[in-house]
Amino acid sequence: MNKQTKVWLVLSIVLSLLALGSACSKADDTTNKNGNTGGADATATAYSGATGTITGVISFNGAPPAPKKIDTAADPVCGQKNPNLVTDDTVVTDGKLANVFVYVSEGSVEGGKKIGDYAWNPPATAVQLDQNGCHYKPHVLGIQVNQNLTITNSDATQHNIHPTPKLNPEWNQTQSAGQGPIEKKFARAETLIPVKCNQHPWMKSYIGVIKTPFFAVSAEDGSFTLNKVPAGKYTIAAWREGGAKGTEKTISVTVAADGSVKADFTFDAAPATTSTQGSLQVLPAMEFPMLGRH
């Protein structure tokens, strides 16, 4: 091997190592759209300054689609316990929209430090997701990074919990009737994670995983409240299901010390996106020709 060949070989190895290091660094720095990786930062400190409140109402503009009855005949247990099960992708009462996930997506406290750079330890209390009447309750929920999620089965039939995240590991776990709770956590911030039941295809839920505690789900009257938000300037996001990734709107607010600010949102009526085939459908058997068969 001549000298020039050796030089090129060494250079190639060095460049390959540099590229690998860069790729690993990018993987470690992966963030979601609210700028939070959700990883623990040993140097971060807890916020101890002035706070305020963000309140708002989610309105629905237009005629809401009528709920559609779900056919649960394939699993008699579902029909017996919940004979009037209907779709709940759009729940509107007096022009107000429920099940909208609202959260602080980004912003800085007074003084300029980003809100995500503080340490926000998750609550010790677990968030509950129940399977009741072959229906996820609640339909939309929020949880902090590394907070415990407790999943229960209140039905006399088997379920199969299957979240499909993009930034967190995907998992798929069966929970039989009478089985104890399933305990899970999400290590990275992500909005929002769809949850389905492989055995009851109409069952859907959504989980918003946030690094900070500043999130809420709109109630039946469309109202929401974010308490004890550090004084500062923020982008507030409101997400509702529909389409491939849902629909999100944002608004900028300034939270004053000991003050309260409004953040109202309006979503327009859109074509229904929820499948109404809701029954457990058994696909017909398919016969394929055998090679060498005459």
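User: What should I know before reading the values?

Analyst: This is a predicted model, so local features need pLDDT of at least 70 and side-chain atom pairs count only at pLDDT 80 or more, while totals for chains, interfaces and linings use all residues. Residues are numbered from 1 along each chain as its sequence is written, and side-chain values use heavy atoms, with hydrogens and water left out.

User: Why is Pro138 called partly exposed?

Analyst: Buried means under 20% relative accessible area and exposed means over 50%, with partly exposed in between (1.4 Å probe, protein chains only). Pro138 has 34% relative accessibility, so Pro138 counts as partly exposed. For the whole chain of 294 residues, 39% count as buried.

User: Where does Pro138 lie, and what does Pro138 contact?

Analyst: Pro138 is in the loop between β6 and β7 (140–144); strands are DSSP runs of E with at least two residues, and helices are runs of H or I with at least four, numbered from the N terminus. Leaving aside neighbours within four places in sequence, Pro138 is in contact (heavy atoms within 4.5 Å) with Gln128, Leu129 and Ser205. Pro138 and Ser205 are 67 residues apart in sequence, with their C-alpha atoms 7.4 Å apart.

User: How do you know that β5 and β8 pair?

Analyst: Two strands pair if DSSP finds at least two bridges between them. Strand β5 (residues 127–131) and strand β8 (residues 149–153) have 5 bridges, in the parallel sense.

User: What makes β6 and β11 edge strands?

Analyst: They belong to an open sheet of 4 strands in the order β6-β5-β8-β11, with mixed pairing. β6 (136–137) and β11 (182–184) each pair on one side only, and they are the edge strands.

User: How do you know that Arg240 has no salt bridge?

Analyst: A salt bridge needs a side-chain nitrogen of Lys or Arg within 4 Å of a carboxyl oxygen of Asp or Glu. For charge, Lys and Arg count as positive and Asp and Glu as negative, while His and the chain ends are not counted. The nearest side chain of opposite charge to Arg240 is Asp89, 5.4 Å away, and Arg240 is buried without a salt bridge.

User: What does the side chain of Arg240 make with Thr90?

Analyst: The two side chains make a polar contact at 2.8 Å. That term is for a pair of N or O atoms within 3.5 Å; within protein, one must be able to donate a hydrogen and the other to accept it, and residues adjacent in sequence count only if both atoms are side-chain atoms.
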